[in-house]
Amino acid sequence: MRLNTKKVVITGAPGTGKTSIINDLENKGFWCFHEIIRDMTSEAKMNGESDEFISNPLLFVDDAMQFNKDLLYGRAKHHEESQRLNVPLSFFDRGDPDVLAYMDFFEQAYGEDFITACKKYRYNAIFIVPPWKEIYISDNERLETFEEAEKIHDALIKTYTTFGYEPILVPKKPVEQRTTFILDLLNNN
């Protein structure tokens, strides 16, 4: 017998602590799908010709639209894999609508196929981790400034709301308390 796995997205701008929450959930025994863009960005930078600090990873790739499609389809594949799981909850470090939010932020057009994917691959709950200057650190794959992270946060809320979700803001607290907040809300619904 297969359970109806609830699909839960943990999202937010870069440097907000999403991955720390995902890692904590995984350490607690929950099934987690990890973010794929860090590997894609790192690979694009290695293959690119620019040595400059640039906030848009799409500037490192030959085909920005294909990069976005690969990202969208990679996340859709995670969604499909989650449907074969026999667990009550699966967590995602970002969902399909994140791709559109970033494309909006970087003022890139996208086709109906992007919108269709976001309508097809639905999630049960969306938790957004807000920008938090005290924990924000940029690195070789996290290229955005804190001010850009705040704008991306706004784009994420707008995009998820557009697709009919009611994003839940995760409080600015230590990782363990954030994880408890998420699990308590999920257990009460």
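Here is a short tour of the salt bridges.

A note before you click: this is a predicted model, in which local features need pLDDT of at least 70, side-chain atom pairs count only at pLDDT 80 or more, and totals for chains, interfaces and linings use all residues. Residues are numbered from 1 along each chain as its sequence is written, and side-chain values use heavy atoms, with hydrogens and water left out.

How many salt bridges does a search of the whole structure find? The search finds 6, a salt bridge being a side-chain nitrogen of Lys or Arg within 4 Å of a carboxyl oxygen of Asp or Glu.

Start by selecting Asp 24 and Lys 28, whose side chains form a salt bridge at 3.6 Å, N to O. Asp 24 is buried at 14% relative accessible area, while Lys 28 is partly exposed at 37% (buried means under 20% relative accessible area, exposed over 50%, partly exposed in between, with a 1.4 Å probe and protein chains only).

Next, select Lys 69 and Asp 113, a salt bridge with its closest N and O atoms 4.0 Å apart. Lys 69 sits in helix α3 (residues 64-82) and Asp 113 in helix α5 (residues 112-120), so this pair ties together parts 44 residues apart in sequence. Helices here are DSSP runs (H or I, at least four residues), numbered from the N terminus.

Finish with Asp 98 and Arg 94, which meet in a salt bridge at 2.6 Å, N to O. Asp 98 is buried at 1% relative accessibility, and Arg 94 is buried at 7%.

Key:
Helices (H or I, at least four residues) and strands (E, at least two) are DSSP runs, numbered from the N terminus.
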